[in-house]
Amino acid sequence: MDTIFYVCVAFLLIMIARALFADRSPIPETSGMVFKIGSAAEFDALLASTNHVVVDFYADWCPPCRAIAPIFSGLADNYTLNGHLAFAKVNVDHVKDIAGRYRVSAMPTFLFFHKGAPKGVAVEGMQGRQSVKVTDDGLVERVLGADKVALEAVVKTLAPK
């Protein structure tokens with residue numbers, strides 16, 4: 001009985017320490033092709049000026065957000081095309097109104113916009129799963145979490161041939 005008690009206490013102390021000492025510094029952006037959104041007006045202007053926008057809703061305290069950030073930056077470097085495909089990051093702690101507008105509750109969440117509105121993307125062979133939410137007609141509506149494979153597949157579908 002004492003061993004179980006000490007294991008539980010040790011586990012709780014580790015979890016508390018992780019929460020207290022988690023890295024909350026801003027996630028560095030390594031690509032000049034990613035728009036860091038600071039307001040709803042900036043976001044709306046980007047949506048109005050670009051056919052397709054891939055948006056990363058993230059938080060600085062989120063470890064999966066930190067893990068996928070370099071992948072997102074690399075996709076932006078490789079696939080950005082002015083007026084056709086853009087990449088943006090929205091910090092849900094700083095621009096809460098945008099996150100609320102699109103009912104973002106998990107980080108990271110990737111949404112896909114076409115001509116200013118969230119729109120599913122037809123990705124060949126992609127089916128819904130825990131990290132991939134699809135519409136009734138099979139379009140990828142959003143990617144939840146740091147699902148590199150799903151995110152890359154959607155971006156490659158949106159990229160001009």
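## Close-up views of a predicted model

**View 1. Asn91 and Asp60 meet side chain to side chain.** The side chains of Asn91 and Asp60 make a polar contact at 3.2 Å. Asn91 belongs to strand 3, which covers residues 85–91. Its relative accessibility is 4%, so Asn91 counts as buried. Beyond residues up to four places away in sequence, Asn91 touches Tyr58, Ala59 and Asp60.

View 2. Lys89 sits in strand 3 and Asp56 in strand 2, so the bridge ties together parts that are 33 residues apart in sequence. Are the two partners buried or exposed? Lys89 counts as buried because its relative accessibility is 1%, and Asp56 counts as buried because its value is 0%.

**View 3. Arg101 reaches over to Asp44.** In this salt bridge the closest N and O atoms are 2.8 Å apart. Arg101 is in helix 4 and Asp44 is in helix 2, so the pair ties together parts that are 57 residues apart in sequence. Arg101 is partly exposed, with a relative accessible area of 38%. Asp44 is also partly exposed, and its relative accessible area is 35%.

**View 4. Asp147 and Arg129 link two loops.** The salt bridge between their side chains has an N to O distance of 2.9 Å. Asp147 is in the loop between strand 7 (140–144) and helix 5 (148–158), while Arg129 is in the loop between strand 5 (117–118) and strand 6 (132–134). The two residues are 18 residues apart, and the pair links distant parts of the chain. What about burial here? Asp147 is buried, with a relative accessible area of 12%, whereas Arg129 counts as partly exposed at 38%. As a general point, side chains of opposite charge can pair when their charged atoms come close.

View 5. Back at Ile98, leaving aside neighbours within four places in sequence, the contacts are Ile37, Ser39, Ala40, Phe43, Phe57 and Val90. In soluble globular proteins, nonpolar side chains tend to be buried together.

**View 6. A nonpolar patch sits on the surface.** Phe5, Tyr6 and Val9 make up this patch. Together they have about 330 Å² of accessible area. Phe5 lies in helix 1, residues 2–20. With a relative accessibility of 51%, Phe5 counts as exposed, because the cut-off is over 50%.

View 7. The Thr109 side chain reaches the backbone oxygen of Ala106 at 2.5 Å. Thr109 lies in strand 4 and is buried, with a relative accessible area of 0%. Not counting residues up to four places away in sequence, Thr109 touches Val55, Asp56, Phe57, Val104, Arg142, Val143 and Leu144.

View 8. Pro108 is placed in the loop between helix 4 and strand 4. Arg103 is found in the loop between helix 4 and strand 4 too. What is phi of Arg103? The value is near 50 degrees, which is positive in a residue other than glycine. Arg103 is exposed, with a relative accessible area of 68%.

**View 9. Lys115 has a positive phi.** Phi of Lys115 is near 50 degrees, in a residue other than glycine. Where is Lys115 placed? Lys115 is in the loop between strand 4 and strand 5. Its relative accessibility is 61%, so Lys115 counts as exposed.

Definitions and conventions. Residues are numbered from 1 along each chain as its sequence is written. This is a predicted model: local features need pLDDT of at least 70, side-chain atom pairs count only at pLDDT 80 or more; totals for chains, interfaces and linings use all residues. Side-chain values use heavy atoms; hydrogens and water are left out. Helices (H or I, at least four residues) and strands (E, at least two) are DSSP runs, numbered from the N terminus. Buried means under 20% relative accessible area, exposed over 50%, partly exposed in between (1.4 Å probe, protein chains only). A polar contact is a pair of N or O atoms within 3.5 Å; within protein, one must be able to donate a hydrogen and the other to accept it, and residues adjacent in sequence count only if both atoms are side-chain atoms. Contact means heavy atoms within 4.5 Å. Patches are made of residues with over 30% relative accessible area and no salt bridge: like charges are joined within 9 Å, nonpolar side chains (Val, Leu, Ile, Met, Phe, Trp, Tyr) within 5 Å. Accessible areas come from the Shrake-Rupley method with a 1.4 Å probe; for residues, only the protein chains shown count as cover. A salt bridge is a side-chain nitrogen of Lys or Arg within 4 Å of a carboxyl oxygen of Asp or Glu.
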